[in-house]
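Open your viewer and keep the selection tool at hand. This is a short tour, one stop at a time.

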Amino acid sequence: MSLEVSQKITIEKSKISKIGQVDFNNLPFGQVYSDHMLVCDYENGKWQAPKIIPYQNISLDPSAKIFHYGQSIFEGMKAYKDESDAIWLFRPRDNQKRLNISAKRLAMPELPESYFMDGLEALLLLEKDWIPTTKDSSLYIRPFIFATGNGFHASPADKYKFIIACSPSGPYFGGKLKVLIEQQYSRSANGGVGFAKAGGNYAGQFYPTNLAIEKGYQQVIWTDDTSHEFIEEAGAMNIFIRIDDTLITAPTSDRILDGITRKSIIEIARDQGIAVEIRNISVHEIVEASENGSLKEMFGAGTAAVISPIAGFGYKEKDFMLPELESPIALKLKKQITDIQYNRADDKFGWRHAVK
Ligand code: PLP
Ligand code: COI
C-alpha cells in the first residue's frame, strides 16, 4: 500500500514488523535494523521525491561508481526517547550541514535541508517503537549518500541515492579503552578528505587498527601525517586530554572531523567553569605529563561513542596508564550531555530537537 503523507514523502509500510524478534535488553551497536528506511534518488540533475519503504536490499549495476571510485558519505546521529515517550534529536541540522560539507568535497550533490529533516522526522515517527528506552541505548540513525550512476570512467557519477536507516543500539564500546598512538600510518593529510565523513576515511584505518588490535589495543589515536608528533583524533571520535584541571583538544582542520559531540563538550565544560584549550598537543607533552603525574584523563567523544574514557595509551613500545580517579571530568560531562540528549535536564544551549 502506498499512502501519500505529504506532498513529498510517500510511505509504503512493511507487512510484518521484525520488532518482536529484538531483545531490547541486549542490544549490540548497529547490528539490528528497524522495519523501514527512507530512500531518495538523485537523477536528471535533481533530488526526486523521497519514499519510506520497508528496509530491504539494494540492487546496483556492477559498474556503479560507488564500487570503483568510492563516492560515499554518511552521518551518524541518535534518536532518544524520554520518560513520557517523547522523541528527541540532538543538533540534527549540524549533521545535515556536515553531510553537505562532505558531499561538496567528494563532488556529490548536496541535499536540501528539508529533504533531510522532513525525511528523518517522518521516518522516526513511523519507527518510534524502535527507539529503545533501556539504559545507554538509543536509535542510531545512519543517513548516507552514495553513487549509483555507472561507468568505469573516473569521474563523478550522475546518479546518487540518499538513504536513512535506523538501528536500535546499545553502547559502542564495552568499557575503558586502551589506545595506540600511531607513529607510522596516517588517517588524513592537509588538503585531503579527513574533515569529511567519507567511507574511504574509515576503510583506510582498518589495516593499521587491526595491527593495533593484534598488539592488545582497541583503537588508534591518529597523529599528524608529517611529524606524527601531534594528537589528532581516533577512528570514530575526537580526543580530549586533561592535564591538571585543563581539557585540551586539537583544533579542527582539513584533517579532523568537526565533531558535534566535541563542540558540545567544549561548550558544556566552559559553561561549568572548566578551562578548555583548543590547541595542538604533542605526544611529547602527554608523555611528560604522564611521567610527572599531571596527566589526569583522556577520553574520546562522538555520537556513537558518547564519551569513552581511555585507560591508557601505547607509544613507542611503551604503555602509559592513566590514574583511576574518584570523580573524573569525563563522567561528569557524559552525564551532562546525555541528560540533555535524553531530556532529563534543561536544554540551556537549545540543542534538543523535538520530533512530533
Ligand atoms: N571523528 C570521526 C573520525 C568520527 O567518525 C566521528 C563520528 O562521527 C567523530 C569524530 C565524532 O563526531 P560526532 O561527535 O559528530 O559524532
Ligand atoms: C558516529 O559516531 O556516529 C560515527 O559515525 C562513528 C561511526 C564510524 C561508528
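How much space lies in the largest cavity? About 80 Å³. Keep in mind that this is a predicted model.

**Stop 1: the cavities.** Searching the whole structure turns up two cavities of 30 Å³ or more. To find the largest cavity, select its lining: Gly76, Met77, Lys78, Tyr80, Phe90, Asn95, Ile260, Thr261, Thr303 and Gln341.

**Stop 2: ligand 2.** Now select ligand 2, which sits in the largest pocket. Show the residues around ligand 2: Phe74, Gly76, Tyr140, Arg142, Tyr172, Lys197, Tyr202, Ala236, Thr303 and Ala304. Colour this shell by type and you get six nonpolar, two polar and two charged residues. Gly76 and Thr303 belong both to this shell and to the lining of the largest cavity.

**Stop 3: the polar contacts.** Zoom in on the oxygen atoms of ligand 2. Pick Lys197: a polar atom of its side chain is 2.7 Å from one ligand oxygen. Next pick Ala304, where a polar backbone atom lies 2.8 Å from an oxygen of ligand 2. Then pick Thr303, with a backbone N or O atom 3.4 Å from a ligand oxygen.

Stop 4: Colour domain 1 (3–169) and domain 2 (177–341) separately. Why does ligand 2 lie between them? Both domains give residues to its shell, so ligand 2 lies between the two.

Key:
Residues are numbered from 1 along each chain as its sequence is written. Chains are lettered from A and ligands numbered from 1 in the order in which they are written. This is a predicted model: local features need pLDDT of at least 70, side-chain atom pairs count only at pLDDT 80 or more; totals for chains, interfaces and linings use all residues. Side-chain values use heavy atoms; hydrogens and water are left out. A residue is near a molecule or strand if one of its heavy atoms lies within 4 Å of it. A polar contact is a pair of N or O atoms within 3.5 Å; within protein, one must be able to donate a hydrogen and the other to accept it, and residues adjacent in sequence count only if both atoms are side-chain atoms. On a 1 Å grid over the protein atoms alone, a cavity is a set of points where a 1.4 Å probe fits but cannot get out, and a pocket is an open set with protein on both sides within 12 Å along at least five of seven lines; lining residues have an atom within 4 Å of a point. A molecule sits in a cavity or pocket if more than half of its atoms lie within 2 Å of its grid points. Ala, Val, Leu, Ile, Met, Phe, Trp, Tyr, Cys and Pro count as nonpolar, Asp, Glu, Lys and Arg as charged, and the others, Gly among them, as polar. Domain bounds come from an automatic or database domain assignment. Grid points are joined across faces, edges and corners, and a volume is the space filled by probe spheres set on the points.
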